[in-house]
Amino acid sequence: AVNIVTQKPTGQLGGMIEAGFGDYGDRVGRFNVNSPSLGLLSFSLAGFIEGRDGLYDNVRRPGALPLANGELDTIDEKSLHFAARLQATDTLTADYAFDYTDAHDTPSPYVLTYLASGKTNPVAIFVPGAPHYAGIPLDLYVSPTSRASTVSVNGGYNNMPIFEAERIWAHSLTVSDEIGGVTVRSITGYRWTDWAQSLDLD
């Protein structure tokens, strides 16, 4: 098992901010702020944001439906983390955290990279001239082995734009105390997720 523990409020005023840039218009930013102790309480706030243009240009084929997306494999994500610590005694602490994530991305396209070949191959049903040819020339749509920079993908259901969207709200409360040399801990959490997607699977 893997146990990931986020940093607790330090009770000392401080913080950091970072920004980065990358290929395909990638923009990344993050920050973290800690408040000074306010009596028994201390707080912290952290955030993250990333946006990136698509890795694939979506190009319409002649006679195809109008494209619902101009680019695919894009990133548009934001998250926020708020934490509060109550240091009730030297041993008793209560940690509350709220997390929010909002992601609205477009997935990578599905790409055909291989077809059974050979006109005498019994499973080569998509190769013109094969004995069991199904009448669908999929060999025209096989992509090269190197990553393509352009694709041709229609929309999802009823030609809706392709996307993967997710929103998450999460609350947690951890209470810890030392009793007779033994650490006693109570962990409570609640998470609500809203997920939607529209894909082109044909």
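Trainee: Which residues does Y56 touch, not counting residues up to four places away in sequence?

Mentor: Y56 touches G70, E71, L72, D73, S108, P109, R147, A148, S149 and V151; contact means heavy atoms within 4.5 Å. This is a predicted model, where local features need pLDDT of at least 70, side-chain atom pairs count only at pLDDT 80 or more, and totals for chains, interfaces and linings use all residues. Residues are numbered from 1 along each chain as its sequence is written, and side-chain values use heavy atoms, leaving out hydrogens and water.

Trainee: What makes Y100 and W169 a tilted pair?

Mentor: Good one! Rings of Phe, Tyr and Trp (its six-membered ring) pair if their centres lie within 6.5 Å; planes under 30 degrees apart count as stacked, over 60 as edge-to-face and the rest as tilted. Y100 and W169 are 5.4 Å centre to centre with 55 degrees between the planes, so this aromatic pair is tilted.

Trainee: Why does Y100 count as partly exposed?

Mentor: Buried means under 20% relative accessible area, exposed over 50%, and partly exposed in between (1.4 Å probe, protein chains only). Y100 has 22% relative accessibility, so Y100 counts as partly exposed. W169, at 28%, is partly exposed too.

Trainee: How do you know that W169 and W192 form a tilted pair?

Mentor: Their rings are 4.9 Å centre to centre, with 50 degrees between the planes, so the pair falls in the tilted class. W192 is partly exposed, with a relative accessible area of 40%.

Trainee: Which residues do ring pairs link into a cluster?

Mentor: Y100, W169 and W192.
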